[in-house]
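Please look over the sequence and the structure below.

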Amino acid sequence: LYANDAFARLCGLQPAKCIGKSDFDLWPAGIAQALREADMAAAEGDCAFQQTGTIQTARGETLTLHTFRFLYQTPGGAKLLGRIALDVTEGVRTQRALDEAEARYRELVEQSSEVIYETDAQGRLRFYNQTGQRLFGYQEDELAGRHYLELVDEAGRHRTKRFYDLQFARRTPQTYCEVRVRTKLGGMHWLGQNAQLLLQDGQPAGFRVVARDVTERRMAEQELRKAKTAAEAAARTKSDFLAAMSHEIRTPLNGIIGMTSLLFGTPLSEEQLDYLNTIKLSGDALLSVINDILDFSRAESGRMRLEAIEFNLSEMVFEAVGVVTELAQRKGLQLEAIVDEDVPQSVVGDPARTRQVLLNLFSNAIKFTERGRVSLRVSVQSKHGGQAGTRFEVSDTGIGIAPDQQTRIFESFS
């Protein structure tokens with residue numbers, strides 16, 4: 001009886017050509033039959049009827065139509081059936097895409113290896129993914145509506161509540177916090193939580209939390225702290241032991257050095273005096289080493305204190321040579337020391353430790369030299385105003401050190 005232009009376009013006809021035709025004249029039999037059954041249902045029920053379905057237009061397009069069927073009576077008393085169809089194709093496609101996206105998102109959330117949950121503004125749980133359910137040992141319906149603080153270990157609840165209350169108050173978009181939680185069976189886990197603040201109309205509406213189980217890392221850190229404490233205790237014990245032993249050794253050594261000094265006041269031959277002088281220098285060197293051991297804790301912390309006193313550099317050098325002369329003579333080695341003329345005689349520094357370094361270098365050179373000589377040369381490296389940089393070079397005719405082993409000279413116990 002009537003068809004508008006939009007309906008006629010679906011049929012591929014002019015509006016006038018639609019008048020007098022039935023659905024079976026305009027549509028394929030399957031679609032026409034479905035339309036006829038819907039019309040009959042509306043007529044028999046004497047009421048409006050709604051239906052959503054798909055049709056294929058004359059141009060081959062598949063559309064989704066939402067059709068309203070209604071009965072009305074003409075002024076002459078005839079009952080007629082009317083249809084109003086809305087093209088909802090795009091809306092259906094959009095909703096389908098949204099449903100698919102939501103399904104993918106939910107699948108990702110459920111399959112995630114991280115705990116994901118949401119709370120409302122009061123902190124009540126409204127979603128918990130399967131990873132969270134497995135971690136805590138609860139089913140989803142057991143967690144719904146519970147306050148998230150119920151899962152936090154009692155000892156940490158106050159701190160956790162203050163942390164997230166502050167995020168609410170400051171409207172901080174995202175925070176990270178590590179909390180200890182308790183499972184249904186009483187087990188303990190540490191969770192590292194990234195909490196995103198949810199807003200609705202500008203007001204806090206809850207949290208969305210992505211959390212990772214960091215229990216193993218926390219336990220490893222705890223073990224490291226224990227190991228560090230134990231190592232520090234062992235280091236203190238070692239330092240105390242070395243200090244005690246050094247004190248015990250220094251006491252008789254001081255007696256030896258003291259008696260040696262007294263011998264200098266007695267009649268001695270030149271050879272005896274030379275031997276006694278070597279004993280005195282060796283004793284002083286040994287005492288210096290022991291004093292270094294007493295300063296062991298300072299050395300370990302990088303706070304070894306060096307003396308800054310005036311001493312005669314040439315005398316110190318030849319005293320060091322005198323200490324190792326006998327050792328060199330026993331191996332048939334020539335021992336020589338050269339101090340350049342421009343080297344200052346009076347310098348400021350730490351004579352004891354300088355002498356100890358020279359003795360160590362001399363002893364090492366003699367140890368690894370079977371024939372030939374061991375030499376020391378002292379020269380001026382640089383001068384600036386009243387200061388002079390002094391260079392000490394110890395050389396020998398021994399086996400030498402391979403280039404790849406030279407850095408090991410400065411390692412402990414190398």
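## Basis of the model

This is a predicted model, in which local features need pLDDT of at least 70, side-chain atom pairs count only at pLDDT 80 or more, and totals for chains, interfaces and linings use all residues. Residues are numbered from 1 along each chain as its sequence is written, and side-chain values use heavy atoms, with hydrogens and water left out.

Helices (H or I, at least four residues) and strands (E, at least two) are DSSP runs, numbered from the N terminus. Two strands pair if DSSP finds at least two bridges between them.

## The five-stranded sheet

An open sheet of 5 strands runs in the order β5-β4-β8-β7-β6. Its pairing is antiparallel. The edges are β5 and β6, and each of these pairs on one side only. From one strand to the next, the twist averages 25°. Such angles run from 0 to 180 degrees between N-to-C directions; the axes are lines fitted to C-alpha atoms, for helices over the stretch in contact.

Strands β7 and β8 (residues 203-213) are antiparallel and joined by 10 bridges. In one of these strands, β8, V209 is the bridge partner of A195. Helix α8 packs on the sheet and touches β6, β7 and β8. Its direction makes about 155° with that of β6. Contact here means heavy atoms within 4.5 Å.

## Two loops with positive phi

The loop between α8 and β6 holds R171. R171 is not a glycine, yet it has a positive phi of about 55°. R171 counts as partly exposed, at 39% relative accessibility. The classes are buried (under 20% relative accessible area), exposed (over 50%) and partly exposed in between, with a 1.4 Å probe and protein chains only.

D201 sits in the loop between β7 and β8. D201 is not a glycine either, and has a positive phi of about 55°. D201 counts as exposed, at 76% relative accessibility.

L135 belongs to helix α6 (residues 130-136). Is L135 buried or exposed? L135 is buried, with a relative accessible area of 18%.

Neighbours within four places in sequence aside, L135 is in contact with V115, T183, H189, L191 and D213. One of these, H189, is 54 residues away along the chain. The C-alpha atoms of L135 and H189 are separated by 8.6 Å.

## The three-stranded sheet

A further open sheet has 3 strands, in the order β10-β12-β13, with mixed pairing. Its edge strands are β10 (334-339) and β13 (387-396), each pairing on one side only. Neighbouring strands are turned by 15° against each other on average, direction ignored.

Strand β12 (residues 373-384) pairs with β13 in the antiparallel sense, over 10 bridges. In β13, T390 is the bridge partner of V380. Helix α12 (residues 313-330) packs on this sheet and touches β10, β12 and β13. The direction of α12 makes about 175° with that of β10.

Strand β9 (residues 309-312) pairs with β11 in the antiparallel sense over 4 bridges. In β11, V348 is the bridge partner of E310.

In a regular strand the side chains alternate between the two faces of the sheet.

## The cavity

A cavity is a set of points on a 1 Å grid over the protein atoms alone where a 1.4 Å probe fits but cannot get out; a pocket is an open set with protein on both sides within 12 Å along at least five of seven lines; lining residues have an atom within 4 Å of a point. Grid points are joined across faces, edges and corners, and a volume is the space filled by probe spheres set on the points.

The count comes to 1 cavity of 30 Å³ or more. The largest cavity has a volume of about 70 Å³. Its lining has 13 residues, and Y117, Y148, V152, V181 and Q193 lie nearest the centre. β5 (125-128), α8 (157-170), β6 (174-182) and β7 (188-200) each supply at least two lining residues. By class, 11 are nonpolar, 2 are polar and none are charged. Ala, Val, Leu, Ile, Met, Phe, Trp, Tyr, Cys and Pro count as nonpolar, Asp, Glu, Lys and Arg as charged, and the others, Gly among them, as polar.

## The second largest pocket

The second largest pocket holds about 1,300 Å³ of space. It is lined by 43 residues, of which Y2, F7, D23, G82 and R83 lie nearest its centre. Which element gives the most to this lining? Strand β3 does, with 8 residues. The lining divides into 23 nonpolar, 10 polar and 10 charged residues.
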